[in-house]
Amino acid sequence: MPEYIDAKNLREVRKELMTCTYCGFCKSVCPAFEGVGWDRSVARGRMVLSYGLLQKDIPADDSVVEALYQCTTCKDCERRCPSKVKVVDVVERARKDLVSAGKILPRHKGVVDNVLSSGNPYGEKRNVRDALGQNDRKAEIGYFAGCTAAYRNPKIAKATISILDKLGVDFAVVDEMCCGSVLQRIGWNEEDVTKIMQTNIDAMKERGVKEVLFSCAGCYRMFKEEYPRHVDVPFKVRHISEFLAERDLPLKEGKGVITYHDPCHLGRHSHVYEAPRKVISKVPGATFKEMPRSGETSRCCGGGGGVRSAYPELSSNIAAKRVDEAAFADTLVTACPFCVNNLNMGKEGSSSKVRIVDLVELIDELL
Ligand code: SF4
Ligand code: SF4
């Protein structure tokens with residue numbers, strides 16, 4: 001029996017869905033479409049499927065679920081779209097309707113269960129401060145490490161802490177739980193996401209922070225763009241690149257050619273393009289060169305939107321293409337632990353020898 005769902009979240013964007021003219025301009029940029037090859041896996045196809053779900057013309061079968069979850073939510077299609085369709089909003093609403101109807105992918109259910117039971121998507125039993133060896137101090141500046149830097153790439157969290165120490169900044173590592181990004185991206189319910197947001201806000205208030213720094217682009221976007229829609233955010237929110245761009249950094253000589261990958265959450269979603277480049281420009285002795293697709297036109301690493309956990313092969317293939325684009329450089333710098341990890345996965349399928357590091361790793365080495 002075909003299964004039609006009650007698409008109550010999609011009902012709120014009916015007009016948005018009808019704005020898509022099916023012109024297909026989005027096909028030229030969609031990283032998922034390039035990897036999958038089917039029209040259902042490009043923004044245009046996802047708009048058709050979402051409208052079909054809304055009208056109960058299309059059942060929520062496995063192929064529809066797959067098409068809607070193979071979107072990395074990179075937002076490149078929105079930049080390209082002449083009708084300015086808010087594709088990511090539509091996709092995430094469709095996902096909410098699918099999840100409400102019980103159509104959650106098993107890998108995503110595991111991630112949600114981990115966040116709700118352990119406070120992080122990896123099911124780690126420690127808390128972030130224990131993982132990073134931090135104490136209980138209070139300070140006006142807080143550092144929110146994020147789950148990927150705390151549990152899967154601690155070099156990045158430790159480099160951030162080391163930079164703040166070297167610069168003599170009085171800061172506290174907050175008692176954080178997952179920022180909620182992963183739940184939000186895969187369409188989990190707003191009630192749980194809002195509770196998580198409030199828990200994090202309360203933990204920061206407890207530390208007395210007036211400004212919070214982020215080394216993860218996904219966590220930063222959550223606090224900058226999404227938290228204020230649900231909870232009061234009573235402190236300044238800055239990505240570490242914005243903080244470092246304003247500082248004098250007495251750096252040692254760098255070397256070779258450096259290029260920069262804009263994380264989608266930091267760039268197209270949060271409009272932070274200049275700060276990381278300004279920080280890299282402080283490295284003496286190195287040559288900075290942009291990739292052909294950079295800034296607003298940057299290509300996605302393939303890791304976002306729940307694609308890494310549900311479709312790892314697609315995610316790695318997208319990442320390999322991005323790493324290939326940086327083959328001319330000695331060092332590929334980005335500003336998100338999730339991008340670092342995913343690009344390194346992609347490097348295994350690329351002939352490029354480029355070294356991939358986070359901005360904070362590069363700066364900590366030279367400071
Ligand atoms: S570019 Fe925009 S209007 Fe054209 S098919 Fe894609 S989403 Fe629809
Ligand atoms: S957000 Fe990115 S992956 Fe999703 S449809 Fe648009 S271009 Fe494709």
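## Loop residues with positive phi

In this predicted model, Tyr22 counts as exposed because 11 C-beta neighbours lie inside 10 Å, and a residue is exposed if that number is 12 or fewer. Tyr22 sits in the loop between α2 (14–19) and α3. Although Tyr22 is not a glycine, its phi is positive, at about 60 degrees.

Lys84 is another residue other than glycine with a positive phi, here near 55 degrees. The loop that holds Lys84 runs between α6 and α7. Lys84 has 10 other C-beta atoms within 10 Å and is therefore exposed.

## Surroundings of ligand 1

The shell around ligand 1 consists of 16 residues, and the closest are Cys20, Cys23, Cys26, Arg44 and Cys81. Two elements give two or more residues to this shell, namely α4 (43–55) and α6 (76–80). The most is given by α4, which contributes 3 residues.

Sorted by class, the residues around ligand 1 comprise 11 nonpolar, 3 polar and 2 charged.

## Surroundings of ligand 2

Ligand 2 is surrounded by 16 residues, with Cys30, Ala43, Cys71, Cys74 and Cys77 as the closest. At least two residues of this shell come from each of α3 (31–36), α4, α6 and α7 (87–100).

In the shell around ligand 2, 11 residues are nonpolar, 2 are polar and 3 are charged.

## The four-stranded sheet

An open sheet is formed by 4 strands in the order β2-β1-β3-β4, with parallel pairing. At the edges stand β2 (171–173) and β4; each has a single partner strand, so one side of each lacks a neighbour in the sheet. From one strand to the next, the twist averages 30 degrees.

Strands of a sheet pair through backbone hydrogen bonds, in either a parallel or an antiparallel sense. Within this sheet, strand β1 (residues 141–144) pairs with strand β3 (residues 211–214) in the parallel sense over 4 bridges. Tyr143 stands opposite Leu213 in β3. On β3 there is also a parallel pairing with strand β4 (residues 236–239), again described by 4 bridges, and Val212 is placed opposite Val237 in β4.

## Pairings of strand β5

Strand β5 (residues 257–260) is paired in the parallel sense with strand β6 (residues 287–288) over 2 bridges. Ile258 lies opposite Phe288 in β6. Together with helix α16 (residues 274–281), β5 and β6 make a right-handed β-α-β unit.

A further parallel pairing joins β5 to strand β7 (residues 331–334) over 3 bridges. In this pairing, Thr259 has Leu332 of β7 as its bridge partner.

## Helix α19

Helix α19 (residues 337–347) is largely enclosed by the rest of the structure, because 10 of its 11 residues are buried. The buried residues of α19 are Pro337, Phe338, Cys339, Val340, Asn341, Asn342, Leu343, Met345, Gly346 and Lys347.

An α-helix has 3.6 residues a turn, so residues three or four places apart point the same way.

## Overall dimensions and composition

The protein contains 20 helices and 8 strands. Of its 367 residues, 54% count as buried.

Along the principal axes, the C-alpha trace spans about 65 × 45 × 30 Å. The radius of gyration is 20 Å, which agrees with the value near 21 Å that a compact globule of 367 residues would have.

Terms used: Residues numbered from 1 in each chain as written. Chains lettered and ligands numbered in written order. Predicted model: local features only at pLDDT ≥ 70, side-chain atom pairs only at ≥ 80, totals over all residues. Pairing = 2+ DSSP bridges. Near = placed C-beta within 6 Å. Nonpolar A, V, L, I, M, F, W, Y, C, P; charged D, E, K, R; others polar. Axes fitted to C-alpha atoms, helices over the stretch in contact; angles between N-to-C directions. Buried ≥ 20, exposed ≤ 12 C-beta atoms within 10 Å, placed from the backbone. Right-handed = clockwise from strand over helix to strand, strands pointing away. Rg over C-alpha atoms; globule rule 2.2 N^0.38 Å.
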